[in-house]
Amino acid sequence: MPDDLRPAAPLAETSLLAQVGAPIEQARGLPNAHYTDPATIAAENRACLETTWAAIGVGAQVPEPGDAKPVSFLGQPLLLLRDDQGTLRVFYNICRHRGMILVEAPRRIEGAIRCPYHSWCYAKDGRLVATPHVGGPGQNAHPGIERKTLGLIEVPSHVWRDVVFVNLSGDAAPFEQTHAELIARWAEFDLPLHHGGSGSSFTLEVATNWKLAVENYCESYHLPWVHPGLNSYSRLEDHYHIEAPGRFSGQGTYVYRQLRGEDGTVFPDFEGLSAKWDEGAEYVALYPNVLLGVHRDHAYAIVLEPVAHDRTREHVHLYYPVPDTDPSLRARNAAQWKEVFIEDIGVVEGMQRGRAATGFDGGRFSPAMDGPTHCFHAWVAGRVAALEEAKG
Amino acid sequence: MNEAAIGVGHAGPRGALDAALLAAHGSKDRTALIGLYAEAADTADDPVARSFYLTHAYVFALEAGDALAGSLKARLVARGAETEDAP
């Protein structure tokens with residue numbers, strides 16, 4: 001076997017991560033262990049998903065006061081809960097008494113959440129409001145149980161573009177500060193978003209690590225090969241890279257073409273957009289795990305749910321500038337996007353299976369075409385290395 | 001408070017109430033539970049049993065967002081079985 005085809009001796013993890021952050025011409029991708037090894041992935045989760053602002057859902061999943069939706073994220077039982085004033089909060093989905101799960105399935109809370117175990121009750125804003133028999137039969141208070149200190153445990157959360165983000169570690173900088181650059185970049189789209197309804201949401205179960213979905217989404221290099229249908233009007237040269245190291249990356253197009261009904265109907269535009277968006281559109285992976293798209297007449301968010309090292313749920317939600325858009329056009333738009341996202345499944349699953357090859361060295365990046373993907377790899381590697389360094 | 005005080009196993013009218021309570025629990029009929037536990041409180045002789053049943057009526061009313069929660073709570077507070085701080 002020629003020497004240049006022989007797998008190199010394994011490098012220490014720190015060296016491998018340093019290679020990821022090298023200039024793109026020399027860089028290699030993340031090592032296999034970041035896709036296959038539970039211990040490596042646990043450390044990476046801490047660095048990339050728990051200590052950042054990770055997406056866990058969208059506000060449209062709890063549209064009305066009292067709506068509650070349990071969510072499992074990295075094994076943590078969480079609860080999206082909208083109070084009577086419309087404020088959406090995220091709590092741990094557990095009773096402060098014996099840690100019982102409070103809400104098993106999405107539902108409307110009419111008055112209070114009653115724990116199914118001993119019936120401690122919580123208001124929709126998380127306050128503990130009843131502790132039946134806590135002082136003995138028929139005695140519902142006890143000096144040792146201070147209700148005001150025993151409300152539901154809230155997880156820092158932030159809603160942007162209807163996406164619900166949480167910071168599990170509780171020590172991240174405020175969301176608006178962390179993501180000021182993309183907020184500013186898309187300031188023109190800082191307008192009300194109207195979810196397209198049940199037909200405008202779908203979930204794809206994908207046998208891949210969540211990072212591979214990000215990596216694929218970031219770049220336009222694959223478009224002519226994986227999405228040949230786009231070639232007819234959206235050629236490779238019609239795209240540009242978007243790279244904000246440490247924050248987000250993706251691609252933009254100069255040739256977005258609106259979907260038209262048979263009678264020429266189009267979706268209405270978001271109001272006040274500049275001419276740039278007449279035929280422009282942008283697709284950004286906001287680190288760590290949400291994929292966003294903006295167009296003159298609709299937007300979408302894909303929340304990546306890391307289920308296992310090799311399983312991801314892609315929760316897709318489509319939004320429009322006004323509440324009442326043409327239902328058949330909405331259905332066509334959802335079907336069109338679904339087809340595109342399904343076309344990507346083969347490659348992200350193939351890359352995951354490929355990570356079982358012990359000789360794979362993380363791969364190389366096209367210096368011309370893979371910048372946004374390398375940007376994401378460098379972010380992951382940098383956060384993992386910083387966490388390791390902090391641990392000493 | 002013993003079992004007899006909270007009505008378990010009673011025959012006659014009290015037995016009918018117990019059966020209705022079990023049925024309401026079985027069907028998760030909160031409106032019925034609120035009314036039946038309030039009725040159980042009103043018919044209980046033992047003061048602890050009365051607070052016990054009132055508590056259950058109050059908790060189910062609180063869960064359901066039923067307007068009766070306020071008056072049930074007031075009765076519990078008056079009996080020294082609940083504190084004012086809770087809504």
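This report walks through the strands, sheets, core and backbone details of the structure above.

The model is predicted: local features are reported at a pLDDT of at least 70, side-chain atom pairs count only at pLDDT 80 or more, and totals for chains, interfaces and linings use all residues. Residues are numbered from 1 along each chain as its sequence is written, and chains are lettered from A and ligands numbered from 1 in the order in which they are written.

**Confidence**

The model has an ipTM of 0.88 and a pTM of 0.93. For chain B, the average pLDDT is 88, and 83% of the residues score at least 70; pLDDT is the predictor's confidence in each residue, from 0 to 100.

**Domains and sheets of chain A**

Chain A is assigned domain 1 (63-158) and domain 2 (179-381), with bounds from an automatic or database domain assignment. The C-alpha centres of domain 1 and domain 2 of chain A are 35 Å apart.

A word on terms before the sheets: helices (H or I, at least four residues) and strands (E, at least two) are DSSP runs, numbered from the N terminus. Two strands pair if DSSP finds at least two bridges between them.

One open sheet of chain A has five strands in the order 5-2-3-4-9, with antiparallel pairing. Its edges are strand 5 (107-108) and strand 9 (154-155) of chain A, each of which pairs on one side only. Strand 2 (residues 67-73) of chain A meets strand 5 of chain A through two bridges in the antiparallel sense, and Asp67(A) stands opposite Arg108(A) there.

Another open sheet of chain A has three strands, in the order 1-11-10, and its pairing is antiparallel. Strand 1 (54-58) and strand 10 (157-160) of chain A are at the edges with a single partner strand each, so one side of each has no neighbour in the sheet. On average, neighbouring strands of this sheet are turned by 30° against each other, direction ignored; the axes are lines fitted to C-alpha atoms, for helices over the stretch in contact, and angles run from 0 to 180 degrees between N-to-C directions. Strand 1 of chain A is joined to strand 11 (residues 163-166) of chain A by four bridges, and the bridge partner of Ala55(A) in strand 11 is Phe165(A).

Strand 19 (residues 311-320) of chain A is mostly covered, with seven of its ten residues buried. Here a residue is buried if 20 or more other C-beta atoms lie within 10 Å of its own, exposed if 12 or fewer, and partly exposed in between, with C-beta atoms placed from the backbone.

| Partner strand of chain A | Bridges to strand 19 of chain A | Residue pair |
|---|---|---|
| Strand 13 (residues 201-206) | Six bridges | Glu205(A) and Arg313(A) |

Helix 3 (residues 47-64) of chain B has 18 residues and reaches 26 Å from its first C-alpha to its last, close to the 26 Å expected at 1.5 Å a residue; the expected span is 1.5 Å times one less than the number of residues. Of the 18 residues in helix 3 of chain B, 15 are buried. Just after this helix, Gly65(B) takes a positive phi of about 70°.

The largest nonpolar core has 113 residues, and Ala285(A), Val290(A), Tyr37(B) and Ala57(B) touch the most other members. Such a core is a set of buried Ala, Val, Leu, Ile, Met, Phe, Trp, Tyr and Cys residues joined through C-beta atoms within 7 Å. Helix 3 of chain B gives the largest share of this core, ten residues. Domain 1 and domain 2 of chain A both give residues to this core, so it lies between them.

**Backbone details worth a look**

Most residues other than glycine have a negative phi, and most peptide bonds are trans. Leu74(A), which is not a glycine, has a positive phi of about 55°. Leu74(A) is in the loop between strand 2 and strand 3 (76-82) of chain A and counts as partly exposed because it has 16 C-beta neighbours inside 10 Å. His133(A), also not a glycine, has a positive phi of about 60°. His133(A) lies in the loop between strand 8 (128-130) and strand 9 of chain A, and is partly exposed with 18 other C-beta atoms within 10 Å. Finally, Tyr287(A) and Pro288(A) are joined by a cis peptide bond with omega about 10°, and Pro288(A) is in the loop between strand 16 (281-286) and strand 17 (290-294) of chain A.
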